[in-house]
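Here is a short walk through one fold. Keep the model in view as you read.

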Amino acid sequence: MSYLNTLFHSVDLGANLTLKNRIVMAPLTRSMADDDLVPTEAMAAYYGRRADAGLIISEATLISQDGQGYPNTPGLYTQAQIDGWKNVTQRVHQNGGKIFAQIWHTGRVSHSIYHNGELPMAPSAVPIVGHGHVPRTENLEYETPRVITVDEIKRVQNQFAIAAKNAIEAGFDGIEIHGANSYLIDEFLHWDTNRREDEYGGTVENMARFLLEIIDQIKAVIPEGKIGLRLSPQAYINLEHDERDKEVFDYLLPLLNQYGLAYVHTGMFSDTPYEHLGGTVTQYIRKHYRGTVIASGGYSAETGATAIEKGDADLIAIGRPFIANPDYVEKVKQEKNLVEYNNEMLGELI
Ligand code: FNR
């Protein structure tokens with residue numbers, strides 16, 4: 001029973017934000033926004049049903065049309081989208097929950113079908129290899145992206161800040177910068193995708209610059225302590241691992257201690273040990289980052305509680321089980337059996 005005691009404790013995230021338990025709903029793309037990428041009433045009901053999590057992190061949400069890579073993913077760059085999210089955040093708050101918006105640009109994990117025939121942008125012109133076809137298309141392959149210019153870098157960074165401000169206007173309790181899973185920010189942090197020779201590539205300091213400037217810009221427009229960050233030091237999806245990547249994160253993670261973030265969150269599907277990292281990705285983050293850490297990747301309530309008890313993390317994010325079980329938290333509390341997740345569940349918001 002002790003693992004329940006571990007999980008059902010309130011946690012102070014700082015900035016007047018207290019979570020009622022240590023269970024976080026992981027960000028989960030559902031592709032259910034309407035055709036203007038506005039969150040729907042069904043999405044408000046879906047998030048509202050999960051408000052007994054200590055914190056909900058929204059599905060990845062676009063900072064601009066340029067950032068889109070999947071169908072019907074919501075945005076935070078038009079007034080209609082902000083209003084749609086207001087409905088979601090109100091529902092979560094009415095039900096006693098807290099919710100952060102995960103803000104996102106897909107970088108090269110996109111396709112010209114989303115950009116009027118123009119190629120998607122990425123740090124360098126390096127295509128995704130061997131990934132199969134673009135989601136929800138019959139046979140479109142990923143293309144070789146075009147190199148983002150320094151002017152465009154500045155524009156995208158500004159769009160991250162505007163989206164963060166819009167998130168606060170929409171009633172979110174904070175934002176999570178999607179710096180994980182091989183999307184645009186993560187592409188700057190890995191050697192395979194970042195082959196630049198300007199001030200945004202070539203050295204660990206330069207590779208971290210794109211992200212750190214985004215954090216600075218967001219800090220200038222939203223209240224202190226409302227910024228979380230998701231990172232994937234270990235490349236695992238849409239990205240080739242390079243042994244040198246660790247040097248980038250050895251540099252970045254200790255620096256983040258100065259940024260007053262709400263938390264750093266592991267982006268992994270399975271948080272297993274890696275020899276070169278000296279443990280799991282979460283343990284590796286913990287070693288370098290002194291603030292609040294959220295673990296994720298294949299955890300159950302019980303194994304998550306163990307990670308917390310061992311001191312590896314402060315909070316545990318749960319993804320797929322939350323899709324299958326809207327009442328996940330209640331079931332854990334009452335030690336009831338969970339419905340097992342399968343991919344067919346992605347067709348419907350329950
Ligand atoms: C994800 N994941 C994910 N991650 C993220 O940072 N933003 C996102 O929008 C999504 N979307 C998403 C959709 C679906 C259908 C799945 C299955 C996963 C990753 C997710 O947050 C989590 O890290 C993984 O699912 C691993 O945790 P679980 O599912 O093992 O608890």
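Start with a definition: angles under 35 degrees count as roughly parallel, over 145 as roughly antiparallel, 65 to 115 as roughly perpendicular and the rest as oblique. The model shown is predicted.

Now take helix H4 (residues 150–169) and helix H6 (residues 204–219). Their axes come within 9 Å and cross at roughly 40°. H4 and H6 are therefore oblique to each other. Their crossing is right-handed. On the H4 side, the contact is made by Ile153, Lys154, Val156, Gln157, Asn158, Phe160, Ala161 and Ala164. H6 contributes Arg209, Phe210, Glu213, Ile214, Gln217 and Ile218. Sorted by class, this contact holds eight nonpolar, three polar and three charged residues.

H6 also meets helix H7 (residues 245–256). The axes of H6 and H7 come within 9 Å and cross at roughly 35°. This crossing, too, is right-handed. From H6 come Val204, Glu205, Met207, Ala208, Leu211, Leu212 and Ile215. Their counterparts in H7 are Glu247, Val248, Tyr251, Leu252, Leu255 and Leu256. The contact of H6 with H7 has 11 nonpolar, no polar and two charged residues.

Turn next to the strands. Eight of them close into a barrel, in the order S3-S4-S5-S8-S9-S10-S11-S12, with parallel pairing. On average, neighbouring strands of this sheet are turned by 30° against each other, direction ignored. Look at one pair: strand S4 (residues 55–62) runs parallel to strand S5 (residues 99–104), and five bridges join them. Ile56 has Ile99 in S5 as its bridge partner.

Finally, return to H4. This helix lies across S5 and strand S8 (174–179), and runs at about 160° to S5.

Definitions and conventions:
Residues are numbered from 1 along each chain as its sequence is written. This is a predicted model: local features need pLDDT of at least 70, side-chain atom pairs count only at pLDDT 80 or more; totals for chains, interfaces and linings use all residues. Side-chain values use heavy atoms; hydrogens and water are left out. Axes are lines fitted to C-alpha atoms, for helices over the stretch in contact, and angles run from 0 to 180 degrees between N-to-C directions. Helices (H or I, at least four residues) and strands (E, at least two) are DSSP runs, numbered from the N terminus. A crossing is left-handed if the near helix is turned anticlockwise from the far one by less than a right angle, and right-handed if clockwise. Contact means heavy atoms within 4.5 Å. Ala, Val, Leu, Ile, Met, Phe, Trp, Tyr, Cys and Pro count as nonpolar, Asp, Glu, Lys and Arg as charged, and the others, Gly among them, as polar. Two strands pair if DSSP finds at least two bridges between them.
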